[in-house]
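My notes follow in the order I made them.

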Amino acid sequence: MKTQRIPWDEYWMKIVTDVATRSTCLRRQIGALVVKKNVIVSTGYNGASKGFPHCLDVGCRRDKLNIASGERHEECVGVHAEQNALLQAGRDAECATLYVNAYPCKICAKLIINAGIQKVVLTGDYSDKEGLEYLKIAGIKITFLD
């Protein structure tokens, strides 16, 4: 009996879900994956900057300041999953696909555009949808998976 293989986008998004389990953010566990020619280039998850204590250990600064989701990113010591994946990918991100389990914020959208990502595949959502508009303006293909 021959079994059905899942489509590539679903396969990569399952890996994103696993990558997100490394997140140290108390609010959301986000994972990201840069894929080029069906080969993983890099992964990233959201968490504290190198050398900073993890929010899991000391609490969330944004919660303490009562900051709503999608606002005042500068008050967070964390780095977004997309940012970490792009940093790890470097120039290999050019013409690649980014998989992420949330809408990119405006800051991440600008980094995705300048990294040369050609397609973004998404699940989940995010309160700040303006990043999606940035990607559309830049002509980046956006695919939403259920």
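This is a predicted model: local features need pLDDT of at least 70, side-chain atom pairs count only at pLDDT 80 or more; totals for chains, interfaces and linings use all residues.

Next I checked W8, which is partly exposed at 43% relative accessibility. The rings of W8 and W12 have centres 5.3 Å apart and planes at 15°, so I noted the pair as stacked. W8 and W12 are four residues apart in helix α1, about one helical turn.

I then turned to Y11, which is partly exposed with a relative accessible area of 38%. Helix α1 (residues 8-20) holds both W8 and Y11, three residues apart. I counted four aromatic pairs in the structure. In the pair of W8 and Y11 the ring centres are 5.7 Å apart and the planes stand at 80°, so this pair is edge-to-face. I recorded W8, Y11 and W12 as a cluster linked by ring pairs.

Another entry concerns A32, which I found in strand β1 (residues 31-36). A32 is buried, at 0% relative accessible area. Beyond its neighbours within four places in sequence, I listed its contacts, among them V16, V19, A81, L98 and V100. From A32 to A20 I noted 7.5 Å between C-alpha atoms, with the two residues twelve apart in sequence.

Last, I looked at helices α5 (residues 106-115) and α6 (residues 130-137), whose axes are 7 Å apart at an angle of about 20°. That makes α5 roughly parallel to α6. Their crossing is right-handed. I saw K106, A109, K110, I112 and I113 of α5 meeting E130, G131, Y134 and L135 of α6. By class I logged five nonpolar, one polar and three charged residues in this contact.

Note on methods
Residues are numbered from 1 along each chain as its sequence is written. Side-chain values use heavy atoms; hydrogens and water are left out. Axes are lines fitted to C-alpha atoms, for helices over the stretch in contact, and angles run from 0 to 180 degrees between N-to-C directions. Helices (H or I, at least four residues) and strands (E, at least two) are DSSP runs, numbered from the N terminus. Angles under 35 degrees count as roughly parallel, over 145 as roughly antiparallel, 65 to 115 as roughly perpendicular and the rest as oblique. A crossing is left-handed if the near helix is turned anticlockwise from the far one by less than a right angle, and right-handed if clockwise. Contact means heavy atoms within 4.5 Å. Ala, Val, Leu, Ile, Met, Phe, Trp, Tyr, Cys and Pro count as nonpolar, Asp, Glu, Lys and Arg as charged, and the others, Gly among them, as polar. Buried means under 20% relative accessible area, exposed over 50%, partly exposed in between (1.4 Å probe, protein chains only). Rings of Phe, Tyr and Trp (its six-membered ring) pair if their centres lie within 6.5 Å; planes under 30 degrees apart count as stacked, over 60 as edge-to-face and the rest as tilted.
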